[in-house]
Amino acid sequence: MSENEKILIFDTTLRDGEQSAGIGLTKSEKIEIAHQLKALNVDIIEAGFPASSPGDFESVAQIAKEIKGPTIAALARCIPSDIEAAWGAIKNAESPRIHVFINSSDIQIINQLKKNREDVLNMAVYCVEQAKKYCDDIEFSPMDASRTDMDFLYQLIEATVKAGATTINIPDTVGYTMPWEFKKRIEDVINNVPNMDKVITSVHCHNDLGLAVSNSLAAITAGARQIEGCINGLGERAGNAALEEVIMAIDTREDLLNVSTGINTKQIYKTSRLVSDITGFPVQPNKAIVGANAFRHASGIHQDGVLKAKSTFEIMDPESIGLSGNSLVLSKLSGRAGLKSRLEDLGYELTKEELDKTFEEFKKLADKKKEVINQDLEILMSDQKRSERSENKYELISVEIESGSEKQPTANIKIKNNSSNKIESSTSSGTGPVDAIYKAIDNLIDIKVTLNEWRIEAVTEGIDAIGDAIVRLESDDSNVIGRGSDTDILVSSAKAYIDGLNKLIIN
Ligand code: KIV
Ligand code: ZN
């Protein structure tokens, strides 16, 4: 057991992460991510901003009810109705937290709030006191703290701690600060605010200059004991500190930092995949910790070293983030037991019925694709989970395409309507095969929708790779991601579109 001081990990994937341009999560997606964050054992889940929309309120309320273990935080501006909404959403949590914030830099106070420092101080104290009447655990964030006048920052923090804040979060809201500068700022806050020893010091760093993780680690050396961030570095603009990087930096350099986290690091890879799958934001191959190349050695010299002793070129064990050491391929000759054991290595515990269904899908895949590797299994599991979502109204039965350089593409689609239990079919032509498929689907599913993005990614190398289709759809004010995978990219495209339409209906 480590005697190091503990760093609390505050995950804001569902709040700041969801603010990433182009991400729109449904309630069931947020709940699924929250369950995985619990498995990762984060200390705090910021589940959302309840005053921002009725949908967000409901998602936060459901997470607060369902997820036991981590503290569930809800964000609120210094506006009484925001604080009421935050409390309304988290009041059933086992361990609720209200996170109150207000602009503190002159640039933002004058230009955005059109107020002065005294107004900000009064609003902050008033709202922290209001929040404290509901809840013991209050976090206060002076927004844009890294560009805030130091004396005013001390004054604001001292007053909000007196008013009842239990965590003070120093955000580098615009990702402006340098690591050594941020370290000094945190040290100065800790040394100059008289009641700072009564609260936990937290930091929340944005990545505009690519320094969010470095700044977070620098803050730890200055005494910060809570780090905020998002899985895969999601978040407003260039994102927040990538939590998997912060966690593994602490784990790998414990000798230097003398702190540790309570994170179950073996869940990191699975969490990253789930968040990428659900948000449709791919993870770049060379991304630290969770990128596809993070543990791959390409050059002869490196491979030679690793074969002799892994420590020559590996500073972390891939298994420590939950990457299975077992990369032997499965094929159509593999049995149920082999599949079950590999899925367990990858972190999937299946019931007998689930295994039967997965085995059936695995056999279909192995018939088309000679070798099935771990990435194929992961995509198969995601596709299955999507198609089994209980609220799905429509289900793809079949796609037939006629296309060619001299032919106008025509698609025939069969879809099952799960509400009426009827199978309906439609044929349409289009400028290309995907256009024809989508027009045929539009004939059957009557939603006014704009297709903002369509893309296909090969899940693995080789001509028989599974194609993972991702679409971004917009209807009224809702934005959703639809995904589908198959070895036939036109089938993937049809599945992705129907997945997106199902989500718009649920929304
Ligand atoms: O970046 C920021 O300042 C925030 C606050 C709400 C903490 O997200
Ligand atoms: Zn932020």
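Author: Let's start with one term: a residue is near a molecule or strand if one of its heavy atoms lies within 4 Å of it. Residues are numbered from 1 along each chain as its sequence is written, while chains are lettered from A and ligands numbered from 1 in the order in which they are written. This is a predicted model, in which local features need pLDDT of at least 70, side-chain atom pairs count only at pLDDT 80 or more, and totals for chains, interfaces and linings use all residues; side-chain values use heavy atoms, with hydrogens and water left out.

Reader: Thanks! Which residues are around ligand 1?

Author: By class, the shell has 3 nonpolar, 6 polar and 2 charged residues (Ala, Val, Leu, Ile, Met, Phe, Trp, Tyr, Cys and Pro count as nonpolar, Asp, Glu, Lys and Arg as charged, and the others, Gly among them, as polar). The residues around ligand 1 are Arg 15, Asp 16, His 99, Phe 101, Ser 141, Met 143, Asn 169, Pro 171, Thr 173, His 204 and His 206.

Reader: How far is an oxygen atom of ligand 1 from an N or O atom in the side chain of Thr 173?

Author: Polar contacts are pairs of N or O atoms within 3.5 Å. For His 204, an N or O atom of the side chain is 3.1 Å from a ligand oxygen, and a polar side-chain atom of His 206 lies 3.0 Å from one. For Thr 173, that value is 2.6 Å.

Reader: And how much of the area that ligand 1 exposes when taken alone does the protein bury?

Author: Accessible areas come from the Shrake-Rupley method with a 1.4 Å probe. Ligand 1 taken alone exposes 260 Å². The part of it that the protein buries is 94%.

Reader: Which elements give two or more residues to that shell?

Author: Strands are DSSP runs (E, at least two residues), numbered from the N terminus. The elements are β5 (96-103), β6 (138-143) and β7 (167-172).

Reader: What do the strands β2 to β9 form?

Author: Two strands pair if DSSP finds at least two bridges between them. For example, β8 (200-205) and β9 (226-229) pair in the parallel sense over 3 bridges, with Ser 202 opposite Gln 226. The order β2-β3-β4-β5-β6-β7-β8-β9, with parallel pairing, is that of a closed barrel of 8 strands.

Reader: Which residue is the bridge partner of Lys 414 in β13?

Author: Strands β12 (407-417) and β13 (422-429) pair in the antiparallel sense over 8 bridges. Their hairpin has 4 residues between the strands, and Asn 421 takes a positive phi near 65 degrees there. Asn 417 has Lys 422 as its bridge partner, and Lys 414 has Ser 425.

Reader: In the open sheet of 3 strands, which ones stand at the edges?

Author: The sheet runs in the order β11-β12-β13 with antiparallel pairing. Each edge strand has a single partner strand, so one side of each is left without a neighbour in the sheet; these are β11 (394-404) and β13.

Reader: How far apart are the C-alpha centres of domain 2 and domain 3?

Author: An automatic or database domain assignment gives the bounds. The chain is divided into domain 1 (5-279), domain 2 (294-321), domain 3 (324-387) and domain 4 (390-506). Between the centres of domain 2 and domain 3 the distance is 27 Å.

Technical notes: Polar contact = N/O pair within 3.5 Å; in protein donor to acceptor, adjacent residues only side chain to side chain.
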